[in-house]
Amino acid sequence: MLPQIFFAYFAVVITVLSILVITRKNPVHSVIWMLVLFVHIAALYIFLNAEFLAAIQIIVYAGAILVLFLFVIMLLNLKKEEQERKFHGYWPLGVLAGTFFIVFFILILSKISVFPKLGPYSIQAIQSEGSIMTIGKVLYTDYILPFEIASIVLLVAIIGAVVLAKKRIE
Amino acid sequence: MVLDNTILLGIRLISPELILICTGLFLLLLDILIKRKETVAFAGLIGIFLSIWVNLKLSSLGLSGNVFSGMFVFDRYGSFFKLIFYITAILTILISLRYLTIQKGGIGEYYALILFATAGMMFMASASDLIVLYLGLELMALSTYILTGILRGQIRSNEAAIKYFLLGAFSSAILLYGISLTYGLTGTTNINEIASSLQALNLLKSPMLFLGLIFFIVAFGFKIALVPFHMWAPDVYEGAPTSITAFMSVGPKAAGFAVFGRVFFEAFGSLHLEWSGILITLSILTMAIGSILAIQQTNLKRMLAYSSISHAGYAILGIISATPEGVSGMMNYLLIYTFMNIGAFAVLIMLNSEGVRGEELSDYEGLAKTHPLASFIMLIFMFSLTGIPPTAGFMAKFYLFMAAIKAGYMPIVIVAVIFSVVSAFFYLRVVMYMYMKEPKGEVALSTSGSLNLALIITAAVTLLIGIFPSVFLEIAKASVGGL
Amino acid sequence: MLKYTLIPLLPLISFVINILFGRNAIKDKAHWIAVPAVLGSFVLSLSAFTDVLSGNTININFYNWIISGDFNVPIGLLIDPLTAVMLIVVTSISSLIFIYSIGYMHGDKGYYRFFAYLSLFVFSMLTLVMANNFLVLYFGWEAVGLCSYFLIGFWFEKKSAVNAGKKAFIVNRFGDFGFGLGVILIFLTFGSLEYAKVFPQAGSVVGQTINILGYDINTITLICLLLFCGAVGKSAQMPLHVWLPDAMEGPTPVSALIHAATMVTAGVFMVARCNPLFTLSSTAMTTVALVGGTTAIFAASIGLVQNDIKRIIAYSTVSQLGYMFLALGMGAYTAGIFHLYTHAYFKALLFLGSGSVIHTLHDEMNIQKMGGLKKYMPITYWTFLIASLSISGIPGLSGFFSKDEILWRVYAGGGMGKFLWALATIAAFMTAFYSFRLIYLAFHGKFRGTHEQEHHLHESPSIMTVPLMLLAVGAVAAGWVGIPHILAPHSDRIGEFLAPVLGHPKGEGTHAEEWFVMGLSTVIGLAGILTAYAMYGKKTDLPQKIGSAFQPIYKLLYNKYYVDELYDKTIVRPVLNASQKVFLGFLDGKIIEGTVNGIPALIGAFGERLRKIQTGMISHYGLVMAAGALIIIWIVIF
């Protein structure tokens, strides 16, 4: 029973926080709410026995990325941003679509009792080695190719940032 | 640790992709050292040709199979698509040089990004694992987003990039959702294992699986611009640099078809009845909306964007029919489409000069009188896009439609033929403007050696395939053997 | 093999070079490319002809254009006696007309364009006659139509030329639609498009029927009638003849080559080519003969009273084509092709001669404003006279032999033969009459034009008169290959030559009857000439008197039986009113423009609404995607 209560708490709070993030007029507020959101997500990872992921979530997202966000926002003209309307009057349609999706999903879920097959990494298997070791081993053996491609993806992202932000060439 | 044979084999089989990526990295350095952008482009071309050579070598050695724990597959199906990607990349580079100078967007990263995007597409075509598929797709998409916005001085380029990026991210999220649902059900992301799990675990009726399936359709449909996931295409195609529009309308689209085929035939082959029903509806919608809206356009770039949407509607017939003939018909279609579409865009680029965009229909008035050769080449492409014999476009449609008829999809072929006829209106309108109107004023063509080369290649191939189609068909047919 | 391939290829090369480099590099030297190319084709055709003469039939399949299961379309060429004759006709006349055009088109601002299109036409026509299957035939068929349309509207500044091109195009659409359906039906029936596979099978399909809207229709008959539809359009037979007289708006060499000697005979060629099919359907044969016979007399009667020099010859062409179809319909395929062959020479000569006149008179075409040209243009006059004698069927000249052959075969053909023969003989009288009416009005008497024109009267340059003289040789001697056996036994060489493809005509008659037919046609021809002389040779008011005495008939003929007006009232107007935009005009792009703009107008409201969805707002796009996904989920899962 206790796990269910924990999960329910995090699920509800994450949803509420997400809505808060996208509805705040002041971007700084949005970022702050996002910080709280990330912490809750990290908690969810711990809940799933993925301590390493939880730590990464906090360090990378909450620590690095959000700080960057804040910096950027500080550089922007917040006054103007605050005056702009956020959803162009179409948000009821969006809400409608979202509601529909939730309803569909619940309807589908209600038809399913249990996920029939689990992957090879059960909680016991992970706990016996520790999650860092498991992830490391998998990343550098079976998942070496995706891992390397991901590095190229990141490189492209950096190039993109540089190219798009570089001083204008004339 | 000693590299065992399987890893060696794996490295050999991904060496074409590795070469492209290394060339891309090299170009980034070269760009700093060398001022002339042509040199950078040329180095890029060399890298591509090297990669092609290695790829052919591997094929001729008869190497094939799954490597990297079954994540990457080197087969003829993938190789055929890679051929399309290579051609796309080469032609794009050829048509870019002059255009970028005029548009003041000539930077070395441009060529590196084209190579990265190509590598991403190649990973997609060879992916036998959903993770690799996703990463290849992201590599391609991310590079394309940047390329779309590479003309930073132009608002429409920026706007297009932002739109493409946000909507692309949306579709990626949906793809990931689909992957995770499938993983949740089958416990694997390997495409082949998914198929066997579906049978073994008796999942064929699971609504959750359908949800995953639909998410795949949405995400892939976004990449190939199927209606109703096409909304981004006209705006992005119009705003992007024309050379990149040419690239996007062909390469990533073909890559989308490659993964569409791979995932739906191999992983969800047993659900053909279900997904073909969805795709038929989308296909008809796509052909209809693409054609009807194309008629309304007076901007040629935008018209070609809608035309590219409707062409996706035809090509998807190959996936729907799910027979070897259908798939080879689709691959043919994409190959031919590559040539004729890039060719059409190359003509657009040729008309683009300082201050003149050369995209409006009125820019083509009386072009036949002032530039007969350019108009004739455009005529070939327009005829081919319409599907008038003896151009390649006719062959593309002919074989695809025949295959679909054989697979028992007569009604949808009739719809497709009707919309082909509708499409004649907007393609032939260009021809009409060129040949039957009086020129308004002298139009300057911005020609260059590389652009001419691209035009000659595309026009010649478009005609040659139309006149000698059997040869090309055999290549495509042999390629399906791998699937 | 290369030799045969080069026959159509040389003009194609000439076209490509002229169209690509004509504007900037070649300009007024276009003929240096076009003339050698077509002469080359002519020489190669001669060589091919001798090969066929020695008993070979060349049938080459280059490669398979489409292979898809049982659907297999080879691209190839066939040179059998029928093709060989057509090759000679097409290439020899093309060569002469190309040379003539150097003089005629001199200084025209579309000089290179003219030679480019003309070369393209020759290529298309050669493809048409050399086809060894129906698809290639169809390609050539459409291509010659396209070239004809380009060339009729060659002077696109002239509104009448534009309209004439439009008319030709639209009228031909009707015929070609039938032809296309015929080709499709052939494929459905025989499972192949190759002559070599279709014709031998023809016998096995006899009696097969197709059910259309509850009626059982004989397959072969249906195929033949559909194919004949195409022939009616292309060869300007009733009721689709209206485009040909208007097509005279094009440059005169074009009229001579395309609208007299070659393209318009494509219908005759095609029916002769498909004779194994036509022979099997008596319904189709009767239709062909009836259409041919009525057209022959109908067009000839219109020709009696026209005043435009080129239109007179145009109606004469329609009438002569009617003769050819009459012969084909009576099963006398060789006679039809024989007449096609002789007609090509004297009719091309007539057109080029009229071109020479028009050239001198600076585009004056009304024969009432000519007269007395004989002394200014002796070469034109004499060659024109030879051609007119030939078409009138004066013994010894080529027209006599071929026309007599047709008349005799029709007479002896049984069935309606005698009736049709009577029609054709009356038409022959009219032919002689209008030909010499033209001669007397244009070349004899006093010049009736302006002083300005009279001042400039002169013979055309030799680049134009030499082709005239060469064609005159053809008009005299071309018929000597088919002398009837009652005059000289075993001299019907062309009949023997074509027999392997076209067979021997049926029908028998006595020698006495044959002499009678021949004698009557000669007398009739002479009578026509004499009547013309009586009315126009001397200065009389006879024509006016007759004209006013038979006022209604005269008006009826002068207005071409009001066919154009009839079509205008019953077809053109209603269609025009129904879809104003679609039908506005063709050459200036109005048809395409009309459809292109008309269709959006139809679906405009719908399209406009669709277009509004494309707002440019990312959130809307996302919403549409999401909505699409949700709808699919809804439909599939629930």
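Modeller: Gladly! Helices here are DSSP runs of H or I with at least four residues, and strands are runs of E with at least two, numbered from the N terminus. Please keep in mind that this is a predicted model. Counted in that way, chain B holds 20 helices and two strands, while chain C has 28 helices and four strands.

Let us go to the core itself. The largest nonpolar core has 214 residues, and those with the most contacts inside it are C:L326, C:A348, C:L349 and C:A424. Helix α18 of chain C, residues 417-443, gives this core its largest share, 18 residues. Leaving aside residues up to four places away in sequence, C:L326 touches C:A289, C:G292, C:G293 and C:A296, together with C:I406, C:V410, C:L420 and C:A424. A second, separate core has 213 residues, including B:F339, B:A346, B:V347 and B:I412.

Now for the chains around these cores. In chain C, 54% of the 638 residues are buried. Among the contacts in chain C with a separation of 6 or more, 78% are between residues 24 or more positions apart. For chain B, 64% of the 483 residues count as buried. Of the chain B contacts between residues at least 6 apart in sequence, 80% join residues at least 24 apart.

Along the principal axes, its C-alpha atoms fill a box of roughly 70 × 55 × 40 Å. The radius of gyration of chain B is 21 Å, which agrees with a compact globule, because a globule with 483 residues would have a value near 23 Å.

Finally, a look at chain A. The domain assignment gives domain 1 as residues 1-77 and domain 2 as residues 122-170 of chain A. The C-alpha centres of these two domains of chain A lie 21 Å apart. Four residues of domain 1 of chain A are in contact with six residues of domain 2 of chain A. On the domain 1 side of that contact in chain A, two residues are nonpolar, one is polar and one is charged.

Key:
Residues numbered from 1 in each chain as written. Chains lettered and ligands numbered in written order. Predicted model: local features only at pLDDT ≥ 70, side-chain atom pairs only at ≥ 80, totals over all residues. Rg over C-alpha atoms; globule rule 2.2 N^0.38 Å. Buried ≥ 20, exposed ≤ 12 C-beta atoms within 10 Å, placed from the backbone. Contact = placed C-beta atoms within 7 Å. Domains from an automatic or database assignment. Nonpolar A, V, L, I, M, F, W, Y, C, P; charged D, E, K, R; others polar. Core = buried A, V, L, I, M, F, W, Y, C linked by C-beta atoms within 7 Å.
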